[in-house]
Amino acid sequence: MIQFLLKGILRDKSRSILPIIIVSAGVFLTVLLSGYMKGVFGDVIDQSARFDTGHVKVMSRAYAENIDQLPNDLALLGVTEIVGSLKNQYPEMDWVKRIKFGGLIDVIDKEGNSKGQGPVAGLSFELFSGTGKEIKRMNIEKSIVIGRVPLKPNEALISNEFAQKLNLSIGDEVTYIGSTMNGSMAFSVFKICGTITFGVAQMDRGSIIIDVSDAQKILDMEDGAGEILGFQRNDIYQVEEAELISDKFNASYASDPDEFAPMMVSLQKQNDLEFMINYSNSISAILIGFFIFAMSLVLWNTGLLSGLRRYKEFGIRLALGEAKGQIYRTFTYEAIIVGIIGSVIGTVLGVSAVYYLQVVGIDISGMLDQLSSSMMMPSVLRGKITPNLFYIGFVPGLLAMVLGNMLSGLGIYKRQTATLMKELEV
Amino acid sequence: MKSEVIITIENLTKRFPEGDSEFTALSKINLEFSRGEFAGVVGPSGSGKTTLLNIIGSLDKPTEGRVSVLSNDISKLSHKESAMLRNMHIGFIFQVYNLLPVYTVFENVEFALMLQKKSKSERTKSVMEALEWVGLQDIPNKKVTKLSGGEGQRVAIARAMVKKPELVIADEPTANLDAVNAHSILETMKNLNKEFNTTFLFSTHDEKVMSYLDRIIHLRDGKLESDEIIHHKITAK
């Protein structure tokens, strides 16, 4: 019977084309939007983790309270011991020190006179003082526009946009002017060894990147760090695990009243990322629900039209001895077949479109220039192909088609067999 | 030897609601049909021909009286049981052939057997046999939309006969055919009637059909006017 129905669907274009187009379009949009949202949210979360939040972040309670001001005067001290302890307690995680700082960059000419200045956001992590994991994590090598990674003290990377603004070249020297952990003036000369573009608007506006040991030196933060970031296995964020670790860590300091005692915050508790993670998780369900509803309405109407057009066919089948329930079931089977065909087409198109967005992306760097948010936004929004994209579209595709047809097919039960002879005379 | 009675109609009355009152389509009809009859119900428009065949074909139910078809009391059958009776034992041939347009000749005939859940091999054998009865064995894969009127009605006969029913109900089967095709179709039905001892019940006012019938039942205003056996008509064509 299924083969018989399939033949009918394939041969009767008016029975199949419109529903297949509707289902394909709905599935395509579901897959595309789902893949795109997953990609964008995933990128935002991933970039936030890499550049700012880690999967968990350890800092002093006082620092956490004033985190927006980058209060290095409230930073953790004795971080070697803290990191050592964290590595012992959570060996599966990678623990790294980070210092963020603000200040001014002054560009000096050959005579030592200032030829340009600009505010700068500083980020320091393990460039030459670590294992190289941070270089990989931050994708430094691929992000360098010209030059190389700092290999020794007092070398710095500077954002490419900023370098162009200040007319800086590789080998030029700049003076960092800021304040130390203790509130006194900090001066330090750095040699530019490369320029960098991360594709993250906040980082690309004007930043200087130095090794964490250099930052400790210039900011008088001996064995100190503003933040200790923890990254989970393969740098993939596991929500529940991060929550467990931070709860356990904080519980061990619960009785300590010191405002400089360390505290741990998971990624989702920072920068409004919890909303984004929850939204990211529910977006597919929202999309599927929406498309099931919208497509069901359209397909219900399409089914009604089809039912009208096939009024005579159903009459013949009733006369030949097919029960109403059986006709209704075959009508539903047809919906399943059409739903599967439409879902396959929609999924192929949707996944292709997501692949295109994954490779090419949508550049929103212009918009981000006007945006002031603590959230790390990638300047190119990309889709992401995930395994669920290959089946997610089948839910609205099949459900809407079957639901639409089941509603419209109810008319079969109202058909009077007594009038069949008359109806089939014409 | 007395033939087996397969249809018994006793005091059949059928009324339809018409506004506030009722219209009587059939009134106190008493009839019997035996296995292998080639009979027709004749009468002007509105005489109750189609209503009678509808009830015999288990498409409708009597208002009063009893109709038994192949030992099934029509008024007591559920929708599903009525469908089963039609599916297993009754073939229908309509005025307009009412074939399923997207399917081929073979598939249209095969459909009747699919409803009986016959196996593929059984279906293929039976369909080819049925197409041979009606002379269409050479065009099983032809789309029914490409058939001539005569060919279309032959497919309809094959579809009705492929399941070897005990009863075939034909509603004005020659109304849309020219004389040559009409005679050819009637000849085919007559041969099948003889070969398989299938009961054929026609609703008609076509002289050509009447010339083939062994029994003619005249209805007028829902009442039985006459019921004649006419052996000689077979040779009169």
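**Confidence in chain B**

Chain B has a mean pLDDT of 89, and 96% of its residues reach 70 or more. Among its elements, strand β4 (residues 64–69) of chain B has the highest mean pLDDT, 95, while helix α7 (residues 207–210) of chain B has the lowest, 87. One stretch calls for care: over residues 233–237 of chain B the pLDDT is below 50, although this stretch still has 9 contacts in the model beyond near neighbours in sequence. Where pLDDT is low, the predicted coordinates should not be read in detail.

**The four-stranded sheet of chain B**

Another open sheet in chain B has 4 strands in the order β2-β1-β4-β5, and here the pairing is antiparallel. Its edge strands are β2 and β5 (72–73) of chain B, each pairing on one side only. β1(B) and β2(B) pair in the antiparallel sense over 10 bridges, and Glu18(B) stands opposite Ser21(B) in β2(B). Helix α1(B) packs on the sheet, where it touches β1, β2 and β4 of chain B. The direction of α1(B) makes about 125 degrees with that of β1(B).

**Strands of chain A**

Turning to chain A, strand β3 (residues 94–108) of chain A and strand β4 (residues 114–125) of chain A pair in the antiparallel sense over 10 bridges. Leu104(A) has Pro119(A) in β4(A) as its bridge partner. The hairpin of β3(A) and β4(A) has 5 residues between the strands, and in it Gly112(A) takes a positive phi near 90 degrees. β4(A) also pairs with strand β9 (residues 207–211) of chain A, in the parallel sense and over 5 bridges. There, Phe125(A) stands opposite Asp211(A) in β9(A).

**Where the chains meet**

In the model, 30 residues of chain B are in contact with 28 residues of chain A. The size of an interface is often given as the accessible area lost when the parts come together. Chain B and chain A bury about 2,800 Å² between them, 65% of it on carbon and sulfur atoms. Across this interface there are 9 residue pairs in polar contact, both residues being at pLDDT 80 or more. On the side of chain B that touches chain A, α1 (49–56), α2 (79–89), α3 (105–114) and β7 (167–171) of chain B each supply at least two residues. The largest share of that side, 5 residues, comes from α2(B).

**Salt bridges**

Side chains of opposite charge can pair when their charged atoms come close. Over all chains, a search of the whole structure finds 33 salt bridges, and 2 salt bridges are found across the interface of chain B and chain A. Two examples follow.

| Salt bridge | Closest N and O atoms |
|---|---|
| Glu107(B) with Arg11(A) | 2.6 Å apart |
| Glu4(B) with Arg35(B) | 2.8 Å apart |

The pair of Glu4(B) and Arg35(B) links distant parts of the chain, 31 residues apart. Glu4(B) lies in the segment before β1 (5–18) of chain B, whereas Arg35(B) lies in the loop between β2 (21–34) and β3 of chain B.

Definitions and conventions: Residues numbered from 1 in each chain as written. Chains lettered and ligands numbered in written order. Heavy atoms only, no water. pLDDT = per-residue confidence, 0-100. Contact = heavy atoms within 4.5 Å. Buried area = accessible area lost by both parts, 1.4 Å probe. Salt bridge = Lys/Arg side-chain N within 4 Å of Asp/Glu carboxyl O. Polar contact = N/O pair within 3.5 Å; in protein donor to acceptor, adjacent residues only side chain to side chain. Pairing = 2+ DSSP bridges. Axes fitted to C-alpha atoms, helices over the stretch in contact; angles between N-to-C directions.
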